[in-house]
Amino acid sequence: MTDQAKFKKIMTTAARQAGVYALREWKKFDRAGIKMKSKHEILTKVDLGSEKRIIRAIRRGFPDHKILSEEAGREQGDSEYEWIVDPIDGTTNFSMHNPLWAISIGLAHKGELVMGVVFAPAMDEMYFAARDRGAFLNNRRIRQSKISSGKTLNAFCHGSRELDLKRALKYYRYQKLRGFDCRQLGSASIELGFVAAGRIESIMIPGAHAWDVAAGVLLVREAGGRVSDFSGRAWGLESKDILASNRRTHPRLLKIIKGLRI
Ligand code: IPD
Ligand code: CA
């Protein structure tokens, strides 16, 4: 088996196994047991259970690879490979029985994204991308939309700092007042998957974490879209903000973000 094939096998199997577990828990989930991780962020036992399963699967396949995971943090090492994991992206949606939550696993080599999977078990949607090999939804090739004006559909999220929320609200207000739809769907990885599949035109996030977006960034790029920070530089693992959209819309949205000084 080639390295590529082994990466894909471990990545998709880990996502599916964690997804089967999380879906079972989702169906009977009771919000009463939720803990607050910070003022705006919640943590459930399912985030931890999913993470345990994913890390175990990666460790089994690649014991020397580094892993950055939302709840467990970063494990240092000498390997050139790093897995970037969000065990449940969209925990608030999960807790309210909204199906828009996903398991997100990305893989970087020397800091460059090479593979990613976003699995949304409650919708039975598995998004997968490998660098220079395209993006897929349930094994069918997906591509960005070509809409650039008129009824564009835009999404936004924000990081946990109050400043990030204020920056996002500025953008939301601007879009809505000009008649463009702008929604917070509550799962950054799914929103990136939606951009890749051409279901929406864009997603912007001030204060994004790498684990929320790493896999989704590769999906958008491989579907033909563009992903940058708010200054227009190509998005990288150290970037704080993210604008991902189809190619035609990107320059216009970037201009709006710069004009609003977000
Ligand atoms: C959150 C979601 C949400 C975004 C937040 C993220 P989590 O991830 O992706 O859409 O607005 O910034 O933290 O906490 O559910 O993994
Ligand atoms: Ca999470």
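In the predicted model, Asp-132 counts as exposed because its relative accessibility, 70%, lies above the 50% that marks the exposed class. Asp-132 is placed in the loop between strand 8 and strand 9 (134–137), and its phi is positive, at about 65°, although the residue is not a glycine. A positive phi in a residue other than glycine is also found at Asp-124, where the value is near 50°; Asp-124 lies in the loop that runs between strand 7 (112–120) and strand 8 (125–130).

Turning to the pockets, the largest pocket holds about 630 Å³ of space. It is lined by 28 residues, of which His-40, Glu-41, Thr-92, His-158 and Gly-186 are the closest to the centre of the pocket. At least two residues of this lining are supplied by strand 5 (81–89), and at least two by helix 3 (91–95). When the lining of the largest pocket is divided by residue class, 13 residues are polar, 8 are charged and 7 are nonpolar.

The volume of the second largest pocket is about 310 Å³. Its lining comprises 19 residues, and those closest to the centre of the pocket are Ala-208, His-209, Ala-210, Ser-239 and Lys-240. Strand 5, which supplies at least two lining residues to the largest pocket, likewise supplies at least two to the second largest pocket, as do helix 4 (162–177) and helix 6 (210–222). The residues that line the second largest pocket fall into 8 charged, 6 nonpolar and 5 polar.

Definitions and conventions:
Residues are numbered from 1 along each chain as its sequence is written. Chains are lettered from A and ligands numbered from 1 in the order in which they are written. This is a predicted model: local features need pLDDT of at least 70, side-chain atom pairs count only at pLDDT 80 or more; totals for chains, interfaces and linings use all residues. Side-chain values use heavy atoms; hydrogens and water are left out. On a 1 Å grid over the protein atoms alone, a cavity is a set of points where a 1.4 Å probe fits but cannot get out, and a pocket is an open set with protein on both sides within 12 Å along at least five of seven lines; lining residues have an atom within 4 Å of a point. Grid points are joined across faces, edges and corners, and a volume is the space filled by probe spheres set on the points. Helices (H or I, at least four residues) and strands (E, at least two) are DSSP runs, numbered from the N terminus. Ala, Val, Leu, Ile, Met, Phe, Trp, Tyr, Cys and Pro count as nonpolar, Asp, Glu, Lys and Arg as charged, and the others, Gly among them, as polar. Buried means under 20% relative accessible area, exposed over 50%, partly exposed in between (1.4 Å probe, protein chains only).
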